[in-house]
Amino acid sequence: MELKHNLRKTGIDVVGDVPWGTHFCQFYETKQDLLDVLIPYFKEGLEHHELCVWVTSEFLTTNEAKLAMQKNMPGFSTYLKKGQIEIFPHTEWYLKGGIFEMKRVLADWVHKHDEALKKGFEGTRVSGNPFWIDNKKDWNDFAAYEAEINQVIDNYKLIVLCTYSLNKCSSTELIDVISNHEFTLIKKKGKWTNVESVTHSKMEEALRKSESRYRSHVELTGELAWTTNPKGEAEEDMPEWRKYTGQSFNDIQGAGWTKALHPDDAKRVIKAWQKAIITKRSYEIEYRLRRFDGTYHYFLVYGVPTFRENGSIREWVGTCIDITRRKKMETELTEHATQLESLNRSLKEEFVKEVALLESIGDGVIATDKKGHIIALNKKTETLFGWKTKDMMGKSLFIKGFKLTDEQGKIIPNSLRPIRLAMVTAQVGHGIYFIVRKGCKRIPVFITSSPIILDDKVVGAINIYRDVSQQIAIDRAKDEFLYFASHTLRTPLSAVAWSIERLNENSEGYSVKQKKALDIIYDQTQRMIKLTNDLLDVTRMEFGILSYKYEETNPKKIALDVITDLKNQITDKKIRFKLISNHQITPYHTYSNAIYIILHNLLSNAVKFTPPGGKVNLTIAKINQNLILQVIDSGIGIPKSAQPKILQKMYRASNVKNKFEGSGLGLYIINGIITHMGGTITVKSKLGRGSVFTIKLPLTLEAIQSEERKYL
Amino acid sequence: MKISAKKILLIEDEGVLIDLLSDTFVNSGFKVNSARSAEVGMKLALQNRPDLILLDLILPKMDGLTMLKKLRQERWGKYIPVIILSNLSDQKNISEAMKIGVYDFLVKSDVKLSDVVVEVKEVLGEPS
């Protein structure tokens, strides 16, 4: 209604009525062409109480215009006098001041329009002719001016008709003119036509083209376009939707389209959709849509309302985008994230465990990177180096604070430290070194440096510092004791024994009693020497430092040596001694001194505990890769109750305790040696009848051989 | 005392043992020189060139094995027979001595004086 009220008559038949704010143009070839259009145009304006402004050009001058108007409109002069119509040349308007200035001209028009309204006119009707334009710049400026008019004209009660000379326009200029006006009047076969309809149909075609382009785009991207009425009900066809879901046109009508949603999603979608309709806000949601084959796919859906001029919703348009792939990737990402998180958690757990493990180690542990910088360490290192953990972290192990010395206090060069061996050769380096700290005694440490190897490359090292102060102190005490026992104790004993020997060399002057006393002193000295020797052996054995002599030896020869050593006792007691062996017994590699100690102990025991005139047999044999040493005597035997204990340290059976000399160390020592060699000792005995000791020693001492060879 | 008596150098820091050993060997017809330290022993050895050296291991300052090494570096001392007579009897010392080169390693408390004499005579080719 309002629109109609505002319509103005143009006076031009092919145009008819137009609203205020109309901007159109005419192409002319002759003066008559101009007058054909402009005379009825202004006549109509004057008759309908509008202010009329006609800017003329050289092509049709002001005078020519006035004359033509007067000729065709009887009351024209009155209108002119009244000032309802102004006719003046372009030099007084467009080119006022000599140049065309868009802003000024626009302002002048607005001023004219406002004045007209003030004077009580309905509005302003104008016409201008840019015939004066003769260069490209002015043309471009004028085209911009025309475009600007289009932008603002809706706000004014203005009707503008621009007249262009068809002969002066190039084809591109023609397009400029047409596109800058709502419609164009062109004379075709002597009749004026409004070319608006032509453009419009072209636009419609363009629109169809764009529509089909959009459709193919939709098909390519897998998007489904949709439209609904303002209430959210499907009315129009949605071909992509139907094609995808397999629903028919009838199926989708109304809320029918929601049937294709996943049942678990439908309720949520409908709720969101209703909310959008009520609030008139755009709508965005994800849901699963059933494809024609029954499988569900994830879609991201957008919808926006389009509004009518009165603010009511015309329709809803939107699109559904298949995001199944994206969704799948999202799921995979989430799974990966979960996996990473659990990995991270287990790593953290590992880390905590490692830290606990590190701290629980009694030795100092320092881990370094490949350059020797500390990357981890435990509390124990604090006490060793006298540094706080935080101060050590990140420091190089080669700086002064971590220097090592030898026993004499000489600094170990970096190139000889075990960590270097680990880093350079990827082998484990170790050795005893000393940590030097201000105001403290040097701490002896056994250092083990192991390379950390990743992908065949050394990336760091683990350094373990074992404080061996105590072991070293024990070692020293052990050495001191052994020195004391072997040298300090035995030297006076040797002096006594040798002195008696010298005395006995010339014993003719001694009485029987004196002689007997000398014998006793000598025997007791020998006994003392024997005890000291046992003590030495047992100490060495217990400390594991009994030195074994690994060499090629014939056990038969060792046996003969032992027999030679015991010859006096054997002869004195008239023991019938027998050595049984065969040609199988040949030299082989073993601990020669161990065999000696074993045979010496067993045979001296057998001789000691066998009454005069008794029998002692030594059998040497090889059975199944073992050397067998068997000593059989016809001695006093071992009580049954004592048999399990005779290998114990300082144990002495009741039947020998007070009758025979001894320390109770002999069998204890040889048992230790036999065990060390991987052999066994067994005893069979009958009280009063005799004993059988059987020793089994492996011919090859593989297990210990390599270990001990280095000492030899 | 024979004119051609063989010379023995005794290196031992224990006075009582020097007397006992020295008497025994003199009685057996040897000429005996003794030194209470390795340094003096070394000097006497190079001066008197004995036929045999009886060497203790534990001595003040320089020990017996160090002296033995030095002796073996001398042109004269390279092949002179040496018998270790000591109360240290651990395998380490025995092996070390054997490696440098000694005729035998005797443990004082385990041998009689007469055994030592017998062995010395054996080395020097004297009738026992």
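Which residue in the turn of the hairpin formed by strand 25 and strand 26 of chain A has a positive phi? Gly688(A) does, with a phi of about 80°, and three residues lie between the two strands of this hairpin.

## About the model

This is a predicted model, in which local features need pLDDT of at least 70 and side-chain atom pairs count only at pLDDT 80 or more, while totals for chains, interfaces and linings use all residues. Residues are numbered from 1 along each chain as its sequence is written, chains are lettered from A and ligands numbered from 1 in the order in which they are written, and side-chain values use heavy atoms, with hydrogens and water left out.

## The hairpin

Helices (H or I, at least four residues) and strands (E, at least two) are DSSP runs, numbered from the N terminus. Two strands pair if DSSP finds at least two bridges between them. Strand 25 covers residues 680-686 of chain A and strand 26 covers residues 690-698; seven bridges pair them in the antiparallel sense. Within this pairing, Ser685(A) has Ser691(A) in strand 26 as its bridge partner.

Elsewhere in chain A, four strands make an open sheet in the order 10-13-12-11, with antiparallel pairing. Strand 10 (223-228) and strand 11 (283-290) are the edge strands, each pairing on one side only. From one strand to the next, the twist averages 25°; axes are lines fitted to C-alpha atoms, for helices over the stretch in contact, and angles run from 0 to 180 degrees between N-to-C directions. Strand 12 (residues 296-307) and strand 13 (residues 313-322) of chain A run antiparallel and are joined by nine bridges. Leu300(A) stands opposite Ile321(A) of strand 13.

Helix 11 (residues 263-279) of chain A lies across strands 10, 11, 12 and 13, and runs at about 150° to strand 11. Helix 12 of chain A lies across strands 11, 12 and 13, at about 120° to strand 12.

## Salt bridges

Side chains of opposite charge can pair when their charged atoms come close. Here a salt bridge is a side-chain nitrogen of Lys or Arg within 4 Å of a carboxyl oxygen of Asp or Glu, and a search of the whole structure finds 35 of them over all chains. One of these joins Lys31(A) to Glu64(A), with the closest N and O atoms 2.7 Å apart. Lys31(A) lies in helix 2 (residues 31-47) of chain A and Glu64(A) in helix 3 (residues 62-72), so the pair ties together parts that are 33 residues apart in sequence. Buried means under 20% relative accessible area, exposed over 50%, and partly exposed in between (1.4 Å probe, protein chains only). Lys31(A) is partly exposed at 36%, and Glu64(A) is partly exposed at 28%.

Two further pairs sit within single helices. In helix 12 (residues 324-360) of chain A, Glu330(A) and Lys327(A) are three residues apart, about one helical turn, and their closest N and O atoms are 3.7 Å apart. Glu330(A) is partly exposed at 34%, whereas Lys327(A) is buried at 19%. In helix 17 (residues 512-542) of chain A, Lys530(A) and Asp534(A) are four residues apart, about one turn of the helix, and their salt bridge has its closest N and O atoms 3.1 Å apart. Lys530(A) is partly exposed at 39%, while Asp534(A) is buried at 8%. Salt bridges that share partners also join Arg8(A), Glu50(A), Glu122(A) and Arg125(A) into one network.

Technical notes
Contact = heavy atoms within 4.5 Å.
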